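Thanks for asking me to look this one over. Here are my notes, in numbered points, for you to read next to the model.

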Amino acid sequence: MKTTFTKNPDAAGQLVEKAYEIAKEAYAALGVSSDKAIKDVLAIPISIHCWQGDDVVGFEGADTLSGGGILTTGNYPGRARNGNELRSDAEFAFSLIPGKKRFSLHSFYAETNGKKVGRNEIQPEHFSAWMNWSKKKKIHLDFNPSLFAHPMADSGYTIASADPKIRKFWIDHLKACRRIASAFGQNQGSPAVDNIWIADGSKDYPADRLSPRQRLRDALDEILSVKYLKETITDTVESKLFGIGSEAYVVGSHEFYMGYATQKQIKLCLDTGHFHPSETIADKISAMLLFVPGLLIHFSRGLRWDSDHVAVFSDEMRTACQEIKRSGEINKIDFALDYFDASINRIAAWVIGSRSLRKALLEAYLEPTRLLVDAEKKGKNHERLALLEECKTLPFGAVWDKLCHNAGSPVSTSWLADVNSYEEKVLSQRK
């Protein structure tokens with residue numbers, strides 16, 4: 001039973017409770033406490049990415065994203081143009097998203113009061129407005145170096161470049177980013193994830209694949225040699241299969257970072273859009289948890305060659321969340337979103353992706369995993385299969401509505417009216 005949309009809040013609340021009682025009994029019959037599942041899932045932080053709010057433009061004076069293996073398309077009205085607008089939009093989006101949230105920044109969202117500051121020179125004080133906002137709103141921050149959309153990245157290579165001047169510039173940038181992330185962590189009392197992704201690669205097949213990877217390894221060694229308290233920063237590295245301008249060869253491949261993260265014992269980022277279109281990350285999760293201290297999961301949605309469509313409640317997202325829940329290693333996982341779509345309302349894009357991920361986590365936590373494992377251990381794989389099939393038609397939607405209701409978040413599609421009102425009153429005024 002699923003609650004239908006109604007404009008009467010009291011009536012909607014009654015419908016939620018009525019439907020939930022039926023669903024609760026259905027899950028209890030399989031040994032699953034839906035009350036506990038809701039409580040546990042609401043407590044899982046999801047790091048929401050700032051760059052969906054402004055099409056990955058940043059605050060360096062650019063009007064559009066330029067270069068670096070990524071591309072944003074569309075011109076839907078209302079893009080955030082400065083820090084105040086971006087923070088305001090994020091706060092509104094947060095009000096429509098149930099559960100614990102974080103906010104992830106790229107380095108070129110520094111606010112320098114009009115002063116030109118090189119990316120290799122940015123300091124924590126250039127993010128003081130973000131840190132003050134973070135503390136006031138009790139929203140923890142994460143961080144990302146920005147090794148794209150910059151003249152020093154025009155060659156297609158940054159820290160893997162053969163040019164010592166280019167390489168030093170970006171090494172200094174990454175060192176500055178770790179310093180800023182650590183400052184975030186100290187300010188908020190929770191480690192800030194500092195995720196390193198580079199677009200370095202070649203449009204056509206290179207003759208020398210090894211040398212750039214040697215330079216990347218050596219650069220990372222230098223960057224990570226600076227030690228910070230683990231209570232302030234979590235270092236992660238992120239791979240990609242290919243990008244625009246790096247179709248044939250990416251220096252920071254999955255195999256490279258898998259080896260590097262294992263050797264250095266740092267977290268590995270798995271982005272759902274950064275692998276072959278027919279490849280999913282679900283099976284990689286349990287494999288990598290044996291060798292690295294944890295994982296950062298970026299939820300995106302790949303379509304053909306593009307990796308950055310709005311994340312939805314897809315089979316890939318659902319199976320990834322199932323694997324994480326089944327592993328019992330939820331404390332080793334950081335959940336984040338990473339996509340950008342300028343063709344639709346940007347706040348709606350945040351809300352859809354965030355609610356979809358929270359929904360997938362809830363479904364995973366409602367699974368009767370103990371019964372599935374017991375059947376498997378007894379060699380009764382027919383029972384395991386039967387249980388999995390029955391789970392598909394359990395009244396999951398009613399539990400999701402209850403989760404939203406408990407969190408004070410809109411139920412069903414009622415949030416769309418709020419987004420439309422915000423667009424009319426706020427976004428449409430931005431010219």
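The points below go through salt bridges, cysteines, cavities, the surface and a few backbone details.

1. Some ground rules come first. This is a predicted model, in which local features need pLDDT of at least 70 and side-chain atom pairs count only at pLDDT 80 or more, while totals for chains, interfaces and linings use all residues. Residues are numbered from 1 along each chain as its sequence is written, and side-chain values use heavy atoms, with hydrogens and water left out.

2. Let me begin with charge pairing. Side chains of opposite charge can pair when their charged atoms come close. The rule used here asks for a side-chain nitrogen of Lys or Arg within 4 Å of a carboxyl oxygen of Asp or Glu. By that rule the count comes to 27 salt bridges.

3. Helices here are DSSP runs of H or I with at least four residues, strands are runs of E with at least two, and both are numbered from the N terminus.

4. Are the two partners buried or exposed? R430 is buried, with a relative accessible area of 11%, and D89 is buried too, at 3%. The cut-offs are under 20% relative accessible area for buried, over 50% for exposed, and partly exposed in between, using a 1.4 Å probe and protein chains only. The pair also belongs to a network of salt bridges that links R81, E85, D89 and R430.

5. E389 pairs with K392, their closest N and O atoms being 2.7 Å apart. Here E389 is partly exposed at 39%, whereas K392 counts as exposed at 60%.

6. How many disulfides does a search of the whole structure find? The search gives 0, where a disulfide is defined as a pair of cysteine sulfur atoms within 2.5 Å. C269 is buried at 0% relative accessibility, while C391 is partly exposed at 22%.

7. A cavity is a set of points on a 1 Å grid over the protein atoms alone where a 1.4 Å probe fits but cannot get out, and lining residues have an atom within 4 Å of a point. Grid points are joined across faces, edges and corners, and a volume is the space filled by probe spheres set on the points. The count comes to 4 cavities of 30 Å³ or more. About 190 Å³ of space lies in the largest cavity, which is lined by 17 residues; I70, H106, W197, E238 and D338 lie nearest its centre.

8. The surface has a nonpolar patch made of L71, I244 and W305, with about 310 Å² of accessible area together. Such a patch joins nonpolar side chains (Val, Leu, Ile, Met, Phe, Trp, Tyr) within 5 Å, taking residues with over 30% relative accessible area and no salt bridge. Areas come from the Shrake-Rupley method with a 1.4 Å probe. I244 lies in the loop between strand 6 (233-238) and strand 7 (249-250), and at 39% relative accessibility I244 is partly exposed.

9. Please check two backbone spots too. Most residues other than glycine have a negative phi. V56, however, has a positive phi near 60°; V56 sits in the loop between strand 1 (46-49) and helix 3 and is buried at 2%. Q265 also has a positive phi, about 55°, in the loop between helix 7 (254-264) and strand 8 (267-271), and Q265 is partly exposed at 44%.

10. Y260 lies in helix 7 and is buried at 3% relative accessibility.

Methods: Patch = residues over 30% accessible without salt bridge, like charges linked within 9 Å, V, L, I, M, F, W, Y side chains within 5 Å. 1 Å grid on protein atoms, 1.4 Å probe; cavity = no way out; pocket = protein on both sides within 12 Å on 5 of 7 lines; lining within 4 Å.
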